[in-house]
Amino acid sequence: MATSLKNLNDYKKDSFADISDKKFGIVVADWHNEITDVLCAGAIDTLLQHGAKKENIFRNTVPGSFELTLGAQFLALQEEIDAVICIGVVIKGDTKHDDYINHAVANGLTNVSLKFNKPVSFGLVTTNNLEQALDRAGGKHGNKGVEAAAAAIHMLSF
Ligand code: DLZ
């Protein structure tokens, strides 16, 4: 049975593949970078805690979440990259921009993952306001960067 992805503490290290030689690309959106930096730190900590080597983790930035898809594709194209973790924060505003971005990213990342047959995880925090985003970046709802990294590790263990 699949292990829950809710919390890093739920993980039994033994049930996951050895990732000590796996290479990870992380794509981080610059928009709301005070939050995406925290999510990214959570993702990197998770990879390291599970045995990834620091030199095998490649962090790249893109301007906004909309560009996560192309950033993920640039990385997935590189043969040596085993999994890609995408991190962004989209906060609802007065218009429907969030809908367009969120759907484009969800579809785009799915396509990249299937096209390159590699895990591409969706660390996109989509919220109604800043407080909800902070709650998901080390606040009361955990750190979604941790979950995105954990999802990539889990998929490498498939
Ligand atoms: C334009 C825009 C807006 C309004 N809001 C966000 C946001 O909340 N989070 C985010 O990551 N990016 C946002 N962007 C920028 C777009 O993702 C994209 O970078 C620009 O539209 C340029 O393509």
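A crossover is right-handed if, with the strands pointing away from the viewer, the path from the first strand over the helix to the second runs clockwise. In this structure, β3, α3 and β4 make a β-α-β unit that is right-handed in this sense. Helices (H or I, at least four residues) and strands (E, at least two) are DSSP runs, numbered from the N terminus. The structure is a predicted model, in which local features need pLDDT of at least 70 and side-chain atom pairs count only at pLDDT 80 or more, while totals for chains, interfaces and linings use all residues. Residues are numbered from 1 along each chain as its sequence is written.

The chain as a whole contains five helices and six strands. Followed along the sequence, these elements give the pattern β-α-β-α-β-α-β-α-β-β-α. The C-alpha trace spans about 45 × 35 × 30 Å along its principal axes. A compact globule of 158 residues would have a radius of gyration near 15 Å, and the chain, at 15 Å, agrees with this; the radius is taken over C-alpha atoms, and the globule rule is 2.2 Å times the number of residues to the power 0.38. Two residues are in contact if their C-beta atoms, placed from the backbone, lie within 7 Å. Among contacts between residues at least 6 apart in sequence, 78% join residues at least 24 apart.

Four strands form an open sheet in the order β2-β1-β3-β4, with parallel pairing. Its edge strands are β2 and β4 (120-127), each of which pairs on one side only. From one strand to the next, the twist averages 15°, where axes are lines fitted to C-alpha atoms (for helices over the stretch in contact) and angles run from 0 to 180 degrees between N-to-C directions. Two strands pair if DSSP finds at least two bridges between them. Strand β1 (residues 24-29) pairs with β3 in the parallel sense over five bridges, and β3 pairs with β4, also parallel, over eight bridges. Individual residues show how these strands are joined. Val-28 has Ile-87 of β3 as a bridge partner, and Ile-87 in turn has Gly-123 of β4. Cys-86 is bridged to Phe-122 in β4.

A residue is buried if 20 or more other C-beta atoms lie within 10 Å of its own, exposed if 12 or fewer, and partly exposed in between, with C-beta atoms placed from the backbone. By this count, 41% of the 158 residues of the chain are buried. Eight of the nine residues of β3 are buried, so this strand is largely enclosed by the rest of the structure.

UniProt positions are given in the numbering used here, feature names are shortened, and annotations may be inferred rather than shown by experiment. Of these residues, Val-89 is found in strand β3 (residues 83-91). Val-89 counts as buried because it has 27 C-beta neighbours inside 10 Å. Leaving aside residues up to four places away in sequence, Val-89 touches Trp-31, His-32, Ile-35, Thr-36, Val-125 and Ala-133. Glu-67 is found in the loop between β2 (57-62) and α2 (68-76), and counts as partly exposed because it has 19 such neighbours inside 10 Å.

For "active site", the unreviewed UniProt entry lists His-97. His-97 lies in helix α3 (residues 97-116), the helix of the right-handed unit described at the outset. With 14 other C-beta atoms within 10 Å, His-97 is partly exposed.
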